[in-house]
Amino acid sequence: MTSNEATLEAIRETQRKSRVQVERIPWSELGPEFVEIWGRNDPENPQPEHMEIVGMNGSGKTYFLCTILQERMLVRDTPTTIIATKPADSTLRSLGWPIVKNPREAHKARQVILWPDTKEIGAARRAYQRKEIYEYLSKLWQPNANTIVAFDEIAYVESLSPEMRDLIEMYWREGRSQGITVIGMKQRPQGANRHMSSESYWTIAYLPKDHDDLERFAELFGSRRQWMPILESMDAENHEFLIRNHRTGVAYISWIDIPLEPIAPEAENKMGTYLGHQNKRNNDL
Ligand SMILES: Nc1ncnc2c1ncn2[C@@H]1O[C@H](COP(=O)(O)OP(=O)(O)OP(=O)(O)O)[C@@H](O)[C@H]1O
Ligand SMILES: [Mg+2]
């Protein structure tokens with residue numbers, strides 16, 4: 001072996017060793033642990049942990065969101081609002097949470113979907129959504145708000161006005177100090193408010209549809225070379241996703257293997273348990 005060949009071989013060996021191994025674990029196994037550790041990196045001092053979820057339409061983002069928020073309700077009963085803006089979405093409806101049209105009603109419920117609905121179209125529709133969502137988010141901004149706010153389509157909501165964009169940026173940057181956990185979902189990372197990625201503790205990504213997207217998705221996790229092959233190995237048919245905690249660096253490929261059954265907030269809270277966890281209503285968030 002020449003010295004050049006030896007160097008090349010040494011480089012290859014380093015690359016092989018640095019290749020990230022990501023285990024495949026179904027959500028029925030990962031979920032119970034996830035719901036315990038989400039926002040409790042230091043159990044003595046629980047801190048909100050924001051999350052970003054990216055995937056093309058139909059990949060399973062809303063299904064994942066509904067599953068984890070239902071688990072969080074069952075185990076920790078955390079107050080939660082999902083902000084929905086699509087004209088229709090059967091996945092959101094299958095969660096079984098109350099769907100309310102205006103901020104007043106949303107503030108009264110513990111777990112709720114705020115879906116400002118109007119018969120208007122075009123600019124009038126956007127103006128209506130802008131007013132209702134802005135009012136909701138402004139009022140929610142309080143010390144110890146202790147709540148989760150999930151944007152089903154964050155890029156759309158941000159596009160409603162520059163003021164909305166600024167307000168959402170403040171949620172990403174400073175929400176944690178108010179006890180607010182932010183979840184943002186979008187179809188592609190491009191054009192995202194950079195705070196969405198830099199402030200997220202958790203990233204969830206589905207298999208992108210083309211090579212350009214694959215590069216952008218991989219960059220959310222780290223080096224393209226390491227993460228592109230992992231993303232490419234996922235099975236879109238099975239709604240597989242990659243989930244990574246950025247603080248610990250731990251990542252898994254998973255898929256939701258438990259059906260999403262509608263559970264109304266009040267009804268379930270009397271039920272008391274979920275996958276072996278005790279329901280801790282009002283004890284902690
Ligand atoms: N793990 C799963 N098991 C079974 N069906 C699933 C699963 N994940 C998603 N689906 C189904 O796939 C369809 C699309 O899922 P979902 O609504 O979550 O997509 P999405 O990523 O939110 O898409 P969009 O960007 O268009 O909102 C739904 O009909 C949903 O029921
Ligand atoms: Mg969706």
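For the first stop, you need one sorting rule: Ala, Val, Leu, Ile, Met, Phe, Trp, Tyr, Cys and Pro count as nonpolar, Asp, Glu, Lys and Arg as charged, and the others, Gly among them, as polar. Keep in mind that this is a predicted model.

**Stop 1: ligand 1**

Select ligand 1 and show the residues around it. How do the residues of the shell around ligand 1 divide into nonpolar, polar and charged? There are 3 nonpolar, 9 polar and 1 charged. Now colour Asn57, Gly60, Lys61, Thr62 and Tyr63: of the 13 residues around the ligand, these come nearest. Next, select helix 3, residues 61-76. Helix 3 supplies the largest share of the shell, with 3 residues.

Step to Gly58. Gly58 sits in the loop between strand 2 (50-54) and helix 3. Draw a distance line from Gly58 to Ile133. The two are 75 residues apart along the chain, and their C-alpha atoms are separated by 25 Å.

**Stop 2: the largest nonpolar core**

In soluble globular proteins, nonpolar side chains tend to be buried together. Here, the largest nonpolar core holds 60 residues. Select Leu65, Ile83, Ala150, Ile183 and Ala205, which touch the most other members. Which helix gives the most to this core? Helix 3 does, with 8 residues.

Zoom in on Leu65. Leave aside its neighbours within four places in sequence. What remains in contact with Leu65 is Ile53, Ala150, Ile183 and Met185.

**Stop 3: Val35**

Select helix 2, residues 27-37, and find Val35 in it. Which residues does Val35 contact, beyond its neighbours within four places in sequence? They are Glu71, Arg72 and Val75. Now draw a line from Val35 to His107. They are 72 residues apart in sequence and 24 Å apart in space, C-alpha to C-alpha.

**Stop 4: a pair of helices**

Two packed helices are described by the angle between their axes and the distance between the axes. Select helix 10 (residues 211-219) and helix 11 (residues 224-232). They pack at an angle of about 115°, and their axes are 8 Å apart. The crossing of helix 10 past helix 11 is right-handed.

Show the side chains at the contact. From helix 10, pick Leu214, Glu215, Phe217, Ala218 and Glu219. From helix 11, pick Arg224, Trp227, Met228, Leu231 and Glu232. Of these contact residues, 6 are nonpolar and 4 are charged, with no polar ones.

**Stop 5: two positive phi angles**

Select Asn144, in the loop between helix 6 (122-140) and strand 6 (147-151). Asn144 has a positive phi of about 55°, although it is not a glycine. Asn144 counts as exposed, because it has 10 C-beta neighbours inside 10 Å.

Now go to His239, in the loop between helix 11 and strand 9 (241-245). His239 also has a positive phi of about 55° and is not a glycine. Is His239 buried or exposed? It is buried, because 21 other C-beta atoms lie within 10 Å.

**Last stop: Glu163**

Select helix 8, residues 162-174, and pick Glu163. Glu163 is exposed, because 11 other C-beta atoms lie within 10 Å and the limit is 12 or fewer. Finish with a line from Glu163 to Gln70. They are 93 residues apart along the chain, with 31 Å between their C-alpha atoms.

Note on methods: Residues are numbered from 1 along each chain as its sequence is written. Chains are lettered from A and ligands numbered from 1 in the order in which they are written. This is a predicted model: local features need pLDDT of at least 70, side-chain atom pairs count only at pLDDT 80 or more; totals for chains, interfaces and linings use all residues. A residue is near a molecule or strand if its C-beta atom, placed from the backbone, lies within 6 Å of it. Helices (H or I, at least four residues) and strands (E, at least two) are DSSP runs, numbered from the N terminus. A nonpolar core is a set of buried Ala, Val, Leu, Ile, Met, Phe, Trp, Tyr and Cys residues joined through C-beta atoms within 7 Å. A residue is buried if 20 or more other C-beta atoms lie within 10 Å of its own, exposed if 12 or fewer, and partly exposed in between; C-beta atoms are placed from the backbone. Two residues are in contact if their C-beta atoms, placed from the backbone, lie within 7 Å. Axes are lines fitted to C-alpha atoms, for helices over the stretch in contact, and angles run from 0 to 180 degrees between N-to-C directions. A crossing is left-handed if the near helix is turned anticlockwise from the far one by less than a right angle, and right-handed if clockwise.
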